[in-house]
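Here is a brief report on one protein model.

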Amino acid sequence: MAADGRDGKNFNVDPKLLELLACPLTKGPLAWDPERGELVSRVAKLAYPVRDGIPIMLPSEARTLSAEDVLAPPPRLSGPG
């Protein structure tokens, strides 16, 4: 794993970019999960990876959220200050 943000985990999504991005399936909002380095669509129950700082917005590349993930509080919009 890269420690420089290439794995998505040490990368913060610009809140303005997050406002522009939408789930390709539901067209709904996405939330940034800094712990997993993913963009989360709670409606579609999918988490899209971020690789090399680039969101991979393909449903075939997305991770299906577990029941535990769906019940958890929504992820924060960005990492620490």
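This is a predicted model: local features need pLDDT of at least 70, side-chain atom pairs count only at pLDDT 80 or more; totals for chains, interfaces and linings use all residues.

A residue counts as buried when its relative accessible area is under 20%.

**Overall layout**

The protein has 2 helices and 5 strands. Read from the N terminus, the order is α-β-β-β-β-β-α. Of the 81 residues, 35% are buried. The exposed surface comes to about 5200 Å². Carbon and sulfur atoms supply 57% of that surface. Take the contacts between residues at least 6 apart in sequence: 41% of them join residues at least 24 apart.

**Strand 3 and its partners**

Strand 3 pairs with strand 2, strand 4 and strand 5, as the table sets out.

| Pair | Partner residues | Bridges | Sense |
|---|---|---|---|
| Strand 3 and strand 2 | residues 38-41 | 4 bridges | antiparallel |
| Strand 3 and strand 4 | residues 54-55 | 2 bridges | antiparallel |
| Strand 3 and strand 5 | residues 63-64 | 2 bridges | antiparallel |

Individual bridges can be named for each pair. Glu 38 stands opposite Pro 49 of strand 3. Val 50 has Pro 55 in strand 4 as its bridge partner.

In the hairpin of strand 3 and strand 4, 2 residues lie between the strands. Here Asp 52 has the positive phi, near 55°.

**Glu 38: buried or exposed?**

Glu 38 belongs to strand 2. Its relative accessible area is 9%, so Glu 38 is buried. The side chain of Glu 38 makes a polar contact with the side chain of Arg 63, at 2.8 Å. Leaving aside residues up to four places away in sequence, Glu 38 touches Ala 31, Trp 32, Asp 33, Ala 47, Tyr 48, Pro 49 and Arg 63.

One of those neighbors, Ala 31, sits in strand 1, residues 31-33. Ala 31 is at 12% relative accessibility and therefore counts as buried. Its C-alpha lies 7.4 Å from that of Leu 18, although Ala 31 and Leu 18 are 13 residues apart in sequence.

**The nonpolar core**

In soluble globular proteins, nonpolar side chains tend to be buried together. In this model, the largest nonpolar core has 10 residues. They are Val 13, Leu 18, Cys 23, Leu 30, Trp 32, Leu 39, Leu 46, Tyr 48, Val 50 and Ala 62. Strand 3 gives the largest share of this core, with 3 residues. Trp 32 and Tyr 48 are also among the residues that Glu 38 touches.

**How confident is the model?**

Mean pLDDT is 80 for the protein, and 75% of its residues reach 70 or more. Among the elements, strand 5 has the highest mean pLDDT, at 96. Helix 2, residues 67-71, has the lowest, at 76. Over residues 1-6, pLDDT stays under 50. For that stretch the model has 12 contacts beyond four places in sequence.

How values were computed
Residues are numbered from 1 along each chain as its sequence is written. Side-chain values use heavy atoms; hydrogens and water are left out. Buried means under 20% relative accessible area, exposed over 50%, partly exposed in between (1.4 Å probe, protein chains only). Contact means heavy atoms within 4.5 Å. Accessible areas come from the Shrake-Rupley method with a 1.4 Å probe; for residues, only the protein chains shown count as cover. Two strands pair if DSSP finds at least two bridges between them. A nonpolar core is a set of buried Ala, Val, Leu, Ile, Met, Phe, Trp, Tyr and Cys residues joined through side-chain atoms within 4.5 Å. pLDDT is the predictor's confidence in each residue, from 0 to 100. A polar contact is a pair of N or O atoms within 3.5 Å; within protein, one must be able to donate a hydrogen and the other to accept it, and residues adjacent in sequence count only if both atoms are side-chain atoms.
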